[in-house]
Amino acid sequence: MTQSDTPLIIEVSLNGSVKPEQNPTVPYDDDDIVAQAVECMEAGAALVHNHTRDPVFGKTGAMDAENYARPWRKLLAIRPDAILTPTMPADPPGGVPVETRFAHIEAMAEEGLIAQGLCDPGSFSVSIPGEDGAYLPTQLVYRNDAHDSHYYVEACRRLNLGMSISIFEPGFVKFIMSLHRAGKLPPGGIMKFYFGADNMSFGLPPTAKALDAYLEMIEGSDLPWSVSAFGDDCVGCGLAEEAIKRGGHVQVGIEPYGGPRTPTNVELVEEVVDLAGRLGRPIATPEQAAAMLHLPTYPVPFAA
């Protein structure tokens, strides 16, 4: 199978930290999450990622599994083929055990709601530009030390989950590739290259040259990968096209989108589907995506 024949996996990231005043269609209520996820899957999305109202940067460093589980039970009753991925809270000042920050994922795996877990193999400082464009002196750090990162990997192995591997910086790739070369990665997983626009305090820019740098770092491996352009338009800036041509996959959605429009999630998915059609890439079904990602447990053993 050539790269152009490889089905394209589309992930939709429904909300993130986007507020309704930024995009009035952003879903946070359970029924809205379910309805938009179903619509996006019907349009071509195989993976669904969303946040709940629990903050990533919270005082407790914990998330309520039930806030994910409520809409996901409804969604799986409609689309049992859905591949669902949650997020994880940052380690707050003073520190919270990694087991606490990962507990909601453990609970959902034990219930049989997810086939894919989460691994964020590194840390980065979080800020926003001030009026003059310089980043403000915040004290926010999305912290995952090497001990935590090893925990995520081994927890996914123990729970028989594939891994959604968040790549915010090149050092994150080095950690994963060290495990890959040592034969210590569990089966299943996808490297998600999160590029950042100039107003984002993380990541390489969403350009072809930056993508080539990441691909050089994983050269010789067979790890699936995808791209997302935070603070930019993944299709509009050309990054999605570069990924599709190179055999990669694409994440879009209201969470990462940045631009003058207020698009719906399904519109963003449809734009990728249209682009893939023009470039000759077929769209992966959830079943095809699960096979390509080597998810060890799929479909999940969930009964409505």
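This is a predicted model: local features need pLDDT of at least 70, side-chain atom pairs count only at pLDDT 80 or more; totals for chains, interfaces and linings use all residues.
Modeller: Residues are numbered from 1 along each chain as its sequence is written, and side-chain values use heavy atoms, with hydrogens and water left out.

Biologist: In what order do the eight strands form the open sheet?
Modeller: Strands are DSSP runs of E with at least two residues, helices are runs of H or I with at least four, and both are numbered from the N terminus. Two strands pair if DSSP finds at least two bridges between them. The pairing in this sheet is parallel, and the order is β3-β2-β1-β10-β9-β8-β7-β4.

Biologist: Which strands stand at the edges?
Modeller: An edge strand here has a single partner strand, so one side of it is left without a neighbour in the sheet. The two strands in that position are β3 (83–85) and β4 (116–119).

Biologist: By how much are neighbouring strands of this sheet turned against each other on average?
Modeller: Axes are lines fitted to C-alpha atoms, for helices over the stretch in contact, and angles run from 0 to 180 degrees between N-to-C directions. For the strand average, direction is ignored, and the value is 25 degrees.

Biologist: Which residue is the bridge partner of Ile10 in β10?
Modeller: Strand β1 (residues 10–13) pairs with β10 in the parallel sense over three bridges. In β10, the partner of Ile10 is Val250.

Biologist: Which residue in β7 stands opposite Leu118?
Modeller: β4 and β7 run parallel and are joined by four bridges. Cys119 has Ile165 as its bridge partner in β7. Opposite Leu118 stands Ser164.

Biologist: How many residues of β7 are buried?
Modeller: Buried means under 20% relative accessible area, exposed over 50%, and partly exposed in between, with a 1.4 Å probe and protein chains only. Gly162, Ser164 and Ser166 point one way from β7, while Met163, Ile165 and Ile167 point the other way. β7 is largely enclosed by the rest of the structure, because the buried count is six of six.

Biologist: What angle does the direction of helix α5 make with that of β4?
Modeller: Contact means heavy atoms within 4.5 Å. Helix α5 (residues 146–159) packs on the sheet and touches β4 and β7 (162–167). Its direction and that of β4 make an angle of about 170 degrees.

Biologist: Is Tyr151 buried or exposed?
Modeller: Tyr151 has its place in helix α5. Leaving aside neighbours within four places in sequence, Tyr151 is in contact with Val98, Glu99, Phe102, Glu106 and Arg158. With a relative accessible area of 18%, Tyr151 is buried.

Biologist: What covers the buried residues of α4?
Modeller: The buried residues of helix α4 (residues 103–111) are His104, Ile105, Glu106, Met108 and Ala109. Just after α4, Gly112 takes a positive phi of about 90 degrees. The cover of the buried residues includes α2 (65–78), α3 (98–101), β4 and α5.

Biologist: How much space lies in the largest cavity?
Modeller: On a 1 Å grid over the protein atoms alone, a cavity is a set of points where a 1.4 Å probe fits but cannot get out, and lining residues have an atom within 4 Å of a point. Grid points are joined across faces, edges and corners, and a volume is the space filled by probe spheres set on the points. There is one cavity of 30 Å³ or more. The space in the largest cavity is about 80 Å³.

Biologist: Which element gives the most to the lining of the largest cavity?
Modeller: The lining has 14 residues, and the closest to the cavity centre are Asp233, Cys234, Val252, Tyr257 and Leu268. Two or more residues come from each of β9 (225–230), β10 (249–252) and α9 (265–279). With three residues, the element that gives the most is α9.

Methods:
On a 1 Å grid over the protein atoms alone, a cavity is a set of points where a 1.4 Å probe fits but cannot get out, and a pocket is an open set with protein on both sides within 12 Å along at least five of seven lines; lining residues have an atom within 4 Å of a point.
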